[in-house]
Amino acid sequence: MARTNLSELCLTYEQMQMHGTELEKYLQRYLFPCVAIFGILGNALNLTVLLNRSMRSRANTFLALLAISDIAFLSLLVPNILANYPIFTFNYYFRFFYLNAKVHLLSFANWSSAVAIWSVIAVCADRLIGIRRPLYTRSDWRGYRMILLIGAMVVCTGALTLYQHVAYKCLVRSYCNGTQLYSKCLPVSSPKWFGKQPNPYSQSFRNFIDISTMLYVVLIIICPIVLLTVLNILLLCSLRKRTKKLIFGKDDASSRVAIDGMTYQKTEQRVTTVALIVTMFTVTNGPSALIHLLSTVYQIRLRDWYDITLIGSTLVICGKASNFILFCLCSKHFRNRLFSLTQKKMHSKLDTITVRLIDRRKDSHSVTHCRRFSVGSEARKERSKASTATPLQPRSAKPSVQM
């Protein structure tokens with residue numbers, strides 16, 4: 001009887017809202033859509049340059065993986081953004097999809113973010129080794145080694161985030177005679193459960209979730225941030241040391257590196273770009289990682305730090321869309337390559353359109369000519385038929401006049 005009464009109860013306008021605070025509502029409606037669209041388009045442009053044959057290298061391959069993971073992350077945010085618009089908030093079918101899929105969408109988003117983190121680490125490590133060992137940059141890896149490394153990054157990060165699909169139990173219930181849907185989620189390790197019932201999950205399963213959470217915090221949050229900070233410092237120090245060695249070269253031949261100024265300038269631009277990407281990544285992901293770490297260690301509910309957590313997530317989302325700006329600002333070669341590829345695409349499109357227009361004109365001209373020819377041939381046939389049907393009569397001879 002109680003269930004029947006609950007199903008007949010209608011929720012208010014405020015209870016049907018998807019956002020937790022007014023700050024989240026305005027961010028989700030106005031800021032996040034612009035950032036997501038700009039980030040997806042910008043990373044797509046990054047891929048057109050990084051995956052070009054003339055731009056293929058180990059570092060660019062890792063940067064392409066970073067762009068792909070950022071596109072996946074921003075795309076997975078789209079349902080969450082749409083859920084804050086009234087046209088989707090009160091739509092029964094959208095709520096049914098979103099309320100049942102939001103935990104899995106969050107898990108996949110964390111997976112793509114983890115891939116992005118280790119992609120940045122791989123780029124930074126590759127540039128650091130390239131500065132300390134100049135011949136390393138010219139060496140080429142075999143295709144299977146790069147595939148294995150990228151596959152290991154994707155699979156390992158996916159395994160570390162797999163537990164998040166089952167770390168929460170979301171109960172979806174219908175109200176107002178089946179016209180309204182509402183959902184509430186609880187972590188499986190929570191001592192309290194729905195309807196004041198005991199937790200149905202075993203203690204071993206809850207221990208597995210706790211261990212998986214700690215591994216995620218250590219391997220996806222703490223270690224990457226520490227590694228990125230250390231690698232970035234070593235990268236900048238190595239570049240500075242190399243600069244001093246080139247400018248104030250010692251007398252011994254071993255210290256004089258056989259690198260011309262143009263090569264050094266290109267190397268410096270690449271290292272500067274990578275250093276800025278790593279710095280931006282650390283700045284935008286560091287606060288969110290710290291909040292997640294403190295909430296895990298001290299068992300703090302995210303509701304207590306809702307707006308602070310939201311600000312940290314906003315920095316992460318903005319960081320996903322900043323790589324295109326960094327590439328355009330720091331890399332002249334990237335800008336030139338992007339402009340040349342854009343010109344090629346525009347010229348090819350214009351040539352295709354021109355050829356199609358010319359072909360259409362030729363086809364229309366040939367059709368018109370064929371029609372005229374067919375009309376003329378039909379007219380000649382009709383005249384010939386008419387001439388054969390009514391033959392010409394011979395003229396009567398006039399009598400000759402004799403004088």
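This is a predicted model: local features need pLDDT of at least 70, side-chain atom pairs count only at pLDDT 80 or more; totals for chains, interfaces and linings use all residues.

Visitor: Which residues form one aromatic cluster?

Guide: The rings of Phe, Tyr and Trp (its six-membered ring) pair if their centres lie within 6.5 Å, with planes under 30 degrees apart counted as stacked, over 60 as edge-to-face and the rest as tilted. Here W193, F194, Y201, F205 and F208 form one such cluster. Residues are numbered from 1 along each chain as its sequence is written, and side-chain values use heavy atoms, with hydrogens and water left out.

Visitor: How many aromatic pairs does the rule give, and how is a pair described?

Guide: A pair of aromatic rings is described by the distance of the centres and the angle of the planes. The count comes to twelve aromatic pairs. In one of them, F38 and F324 are edge-to-face, at 6.3 Å centre to centre and with 75° between the planes; this pair links distant parts of the chain, since F38 is in helix α2 and F324 in helix α12, 286 residues apart. Helices here are DSSP runs (H or I, at least four residues; strands are E, at least two), numbered from the N terminus.

Visitor: Is F324 buried or exposed?

Guide: Buried means under 20% relative accessible area, exposed over 50%, and partly exposed in between (1.4 Å probe, protein chains only). F324 counts as buried because its relative accessibility is 15%, whereas F38, at 37%, is partly exposed.

Visitor: Which residues have the most contacts inside the largest nonpolar core?

Guide: A nonpolar core is a set of buried Ala, Val, Leu, Ile, Met, Phe, Trp, Tyr and Cys residues joined through side-chain atoms within 4.5 Å. The largest one has 50 residues, and F62, L63 and L235 have the most contacts inside it. Among the elements that give two or more residues to this core are α2 (22–50), α6 (92–132) and α9 (203–247), and α6 gives the most, with eleven residues. Leaving aside neighbours within four places in sequence, L235 is in contact (heavy atoms within 4.5 Å) with C124, R127, L128, I131, V271, V274 and A275.

Visitor: Where does pLDDT stay under 50?

Guide: One such stretch is residues 389–403, for which the model has zero contacts beyond four places in sequence; for residues 250–260, where pLDDT also stays under 50, the model has eight.

Key
pLDDT is the predictor's confidence in each residue, from 0 to 100.
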